[in-house]
Amino acid sequence: MSVRNSTRSWGSLSKALHWIIVLLIINQWVIGMRADSLPLGMAKLQALAWHKSFGITILGLAVVRLVWRLMNPVPDLSAETKPWERVLAKISHLLLYALIFALPLTGWIMSSAKNFPVSWFRLFQLPDLVAPNEALFQQMRSLHHSLFALLVVVAALHVAGALKHHFIDRNDVLRRMLPFGGVE
Amino acid sequence: MTNYVALLTAFAALFAGASSGAEPPASKPAAADPASPPAGSAARFTQAPGTGSLSFSFMQAGAENKGSFRQFATELVYDPKNPAAGSLKVTVQTASLETQDKDRNDTLAGADLFDVKKYPTAQYVANSFAKRADGQLEAIGKLTLRGVTKDLRVPLNLRPAGNDYELSGEVALRRLDFGVGQGEWQSTEWVGNDVKLQYKVPVVRVR
């Protein structure tokens with residue numbers, strides 16, 4: 001398996017970025033829900049510190065992923081894929097890319113607005129994006145939650161599409177993104 | 001002040017001795033008498049109402065968290081000719097802490113941290129000043145915080161502003177030395193022990 005993509009298959013870096021971000025997002029959801037349910041105390045501070053660190057990790061990986069995507073060919077959809085399916089796939093991919101930027105960024109703004117600066121795994125502190133502002137924090141908080149709900153919907157559509165390709169159309173669209181699967 | 005006067009007197013005596021060619025100057029000049037009042041230049045200053053900042057910062061999960069006390073009072077006695085005779089008293093209303101986040105304010109004000117109900121004020125009292133080897137003036141005093149009193153030397157930068165001064169500087173202390181952090185907050189893993197205090201206070205001469 002090549003590191004780079006071809007017009008027929010995803011390279012190892014694209015696959016790695018895809019699946020690592022999937023796992024990090026699930027992890028973010030679990031930690032985020034936990035942090036939200038806790039009163040301010042040591043446990044909440046810990047949960048939020050991890051949530052922020054993983055979130056910034058996702059943002060960094062999103063940058064790498066976007067650059068890599070622009071530097072590489074994108075494997076073709078199978079020839080039988082209908083035009084509406086292509087449009088739907090395009091829109092959902094665009095949204096997924098947008099969301100892996102927008103979710104960390106709204107989270108980062110939340111932290112700055114609440115005057116709880118972001119550190120990346122306690123290794124270095126990131127600059128504040130905005131000045132402390134409780135009203136802005138509340139807006140960003142609901143936006144962060146709404147964007148996550150949107151992510152869940154689009155990801156579900158994305159998974160449904162992949163499963164349709166695999167089980168109904170019986171092509172290799174799903175297989176070629178699996179960690180060790182793909183076309184020869 | 002007494003040192004300065006003693007020095008001056010010694011110089012005068014030396015000069016007199018040299019010019020007259022008489023005996024060496026007396027080893028204990030009379031001006032060293034501690035009962036003699038200072039030459040009238042030690043002045044009292046107070047913090048101008050509604051001015052001054054007293055902020056604190058600490059590390060929380062690798063990020064610097066900042067806050068400040070909005071209500072505090074400063075009294076300074078200072079004579080530039082005799083800094084050693086200076087004194088400083090700063091009284092802080094602990095409930096006036098502000099970190100731009102209500103949850104954090106409430107947590108810091110709570111019983112496990114500042115416990116502002118039981119300890120509504122923190123106070124720093126210094127009855128003498130000294131110059132460090134590097135020339136930095138510092139107050140030699142005690143900080144009482146959350147019912148615990150400890151020695152603390154506080155660096156003082158006094159920038160003249162007309163007849164008045166702007167007092168500024170920063171000092172590091174450890175919150176757990178004063179019991180600021182009970183229960184789970186005794187841990188320093190996610191909330192650091194080191195706290196930096198920064199102050200900038202215009203003080204005006206009391207007339």
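Helices and strands here are DSSP runs (H or I of at least four residues for helices, E of at least two for strands), numbered from the N terminus. This is a predicted model, where local features need pLDDT of at least 70 and side-chain atom pairs count only at pLDDT 80 or more, while totals for chains, interfaces and linings use all residues. Residues are numbered from 1 along each chain as its sequence is written, with chains lettered from A and ligands numbered from 1 in the order in which they are written.

Start by selecting chain B. You'll find two helices and eleven strands, running α-β-β-β-β-β-β-α-β-β-β-β-β from the N terminus. Of its 207 residues, 22% count as buried (20 or more other C-beta atoms within 10 Å of the residue's own; 12 or fewer is exposed, in between is partly exposed, and C-beta atoms are placed from the backbone).

Next, pick B:Tyr124 and B:Leu167. In the largest nonpolar core, which has 33 residues, these two touch the most other members. Such a core is a set of buried Ala, Val, Leu, Ile, Met, Phe, Trp, Tyr and Cys residues joined through C-beta atoms within 7 Å. Strands of chain B that give two or more residues to this core include β2 (53-60), β7 (121-131) and β11 (191-205).

Stay on B:Leu167 and show its contacts (C-beta atoms, placed from the backbone, within 7 Å). Leaving out residues up to four places away in sequence, B:Leu167 touches B:Thr74, B:Leu76, B:Leu156, B:Leu158, B:Tyr199, B:Val201 and B:Val203.

Now over to chain A: select helices α3 (residues 83-113) and α4 (residues 134-168). Their axes come within 9 Å and cross at roughly 155°; the axes are lines fitted to C-alpha atoms over the stretch in contact, with angles from 0 to 180 degrees between N-to-C directions. α3(A) and α4(A) are therefore roughly antiparallel, a label for angles over 145 degrees.

On α3 of chain A, click A:Leu99. Not counting residues up to four places away in sequence, A:Leu99 touches A:Leu147, A:Leu150, A:Leu151 and A:Val154.

Last stop: show both chains together. Their contact takes 16 residues from chain A and 15 residues from chain B. On chain A's side, helix α2 (residues 42-71) gives the most, with four residues.

Definitions and conventions: Two residues are in contact if their C-beta atoms, placed from the backbone, lie within 7 Å. Angles under 35 degrees count as roughly parallel, over 145 as roughly antiparallel, 65 to 115 as roughly perpendicular and the rest as oblique.
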